[in-house]
Amino acid sequence: MSPVGVIGGTALADLAGLAAKRPPAIADTPYGPSSGPLVAGTFAGRDVVFVVRHGAGHKIAPHAINYRANIAALAAAGCKQVIAVAAVGGIDDAARPGRIVVPDQIIDYSWGRCHTFYDDPATDGLDHIDFTEPYDPVLRRVLLDGADKLGLDALDGGVHGVTQGPRLETAAEINRMAADGCHIVGMTGMPEAALAREAGLSYACLAVVVNKAAGRTGGLAIHAEIEATLAAAMADVEALLGTVVPSCG
Ligand code: HPA
């Protein structure tokens, strides 16, 4: 069985319970080094390869992440499925802080990122991937079933708006995103999802709402809210991964 790839972010700096089979190492790919060391080992009885997109110590900003290297490294490690954990802000009321969302759509507001493997006409060829449904429906179902099993009230579906960062958004930007149909906002969902599709990987996002988006905060300072919510929500994320990783086909 192929290992399951797990990408951690602000919402998952390491995967407790992952027993590494060999010393973690930065992967060298045709696109450069992975953001952080790839940790390959056993988690919940299944082979898992874990990488943190912001790198060790959370130093790489969303626009500077080498998304191509991370996806290429997971593919080269034999992963066929990737669960991407992401901290997001809640735009819609249903995406309340602490809640897990399994989005089903994306709007990409990011710019200037290396967003495709089809770069060099001499070597890469070209394919216009179908991205109508950006997340793998089977893997999404695994995440949602796992959440049900644990009694977590995960939100099934939602539009993930991906901004450039690293700054947070203005209230007007969030209002525009809401008018566009976005339910949650994050900074790292793209081009990761599209690259996974180009690489032929099944990819789904486990988004953790850690704050109300800008202008919807009801007075709470965003950073204080993020810190408080992250700490509490991480236990849910780790429990959910422990349930869903063995169920990945
Ligand atoms: N905006 C963008 N990205 C985020 C947010 C937010 O409010 N919270 C966590 N990641």
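Let me start with the make-up of the shell around the ligand, which by class has six nonpolar, three polar and one charged residues. Please keep in mind throughout that this is a predicted model. The residues in question are Ala 87, Val 88 and Gly 89, then Leu 168 and Glu 169, then Val 185, Gly 186 and Met 187, and finally Val 210 and Asn 211.

If we sort these residues by secondary structure, the elements that give two or more of them to the shell are β6, at 81–90, β11, at 184–186, and β12, at 202–212. Of the elements, β6 provides the largest share, with three residues.

As for where the ligand sits, the space that it takes is the largest pocket.

From the side chain of Glu 169, an N or O atom is 2.8 Å from a ligand nitrogen, while for Asn 211 a polar side-chain atom lies 2.6 Å from a nitrogen atom of the ligand. With Gly 89 it is the backbone that takes part, one of its N or O atoms lying 3.3 Å from a ligand nitrogen. To put an area on this, the ligand taken alone exposes 260 Å², and the protein buries 91% of that.

Let me turn to the aromatic side chains, for which the count comes to two aromatic pairs. One of them is formed by Tyr 135 and Tyr 203, and this pair is stacked, with 6.2 Å from centre to centre and 10° between the planes. Because Tyr 135 lies in the loop between β8 (105–108) and α2 (137–149), whereas Tyr 203 belongs to strand β12, the pair ties together parts that are 68 residues apart in sequence. Strand β12, as I said, is also among the elements that give two or more residues to the ligand shell.

The peptide bond from Gly 165 to Pro 166 is cis, with omega near -5°, and Pro 166 is found in the loop between β10 (159–162) and α3 (171–180). The bond from Met 190 to Pro 191 is cis as well, here with omega near 10°, and Pro 191 has its place in the loop between β11 and α4 (192–198).

Which residue has a positive phi although it is not a glycine? That is Ala 44, with a phi of about 50°, and Ala 44 lies in the loop between β4 (32–43) and β5 (46–52).

Terms used:
Residues are numbered from 1 along each chain as its sequence is written. This is a predicted model: local features need pLDDT of at least 70, side-chain atom pairs count only at pLDDT 80 or more; totals for chains, interfaces and linings use all residues. Side-chain values use heavy atoms; hydrogens and water are left out. A residue is near a molecule or strand if one of its heavy atoms lies within 4 Å of it. A polar contact is a pair of N or O atoms within 3.5 Å; within protein, one must be able to donate a hydrogen and the other to accept it, and residues adjacent in sequence count only if both atoms are side-chain atoms. Accessible areas come from the Shrake-Rupley method with a 1.4 Å probe; for residues, only the protein chains shown count as cover. On a 1 Å grid over the protein atoms alone, a cavity is a set of points where a 1.4 Å probe fits but cannot get out, and a pocket is an open set with protein on both sides within 12 Å along at least five of seven lines; lining residues have an atom within 4 Å of a point. A molecule sits in a cavity or pocket if more than half of its atoms lie within 2 Å of its grid points. Helices (H or I, at least four residues) and strands (E, at least two) are DSSP runs, numbered from the N terminus. Ala, Val, Leu, Ile, Met, Phe, Trp, Tyr, Cys and Pro count as nonpolar, Asp, Glu, Lys and Arg as charged, and the others, Gly among them, as polar. Rings of Phe, Tyr and Trp (its six-membered ring) pair if their centres lie within 6.5 Å; planes under 30 degrees apart count as stacked, over 60 as edge-to-face and the rest as tilted.
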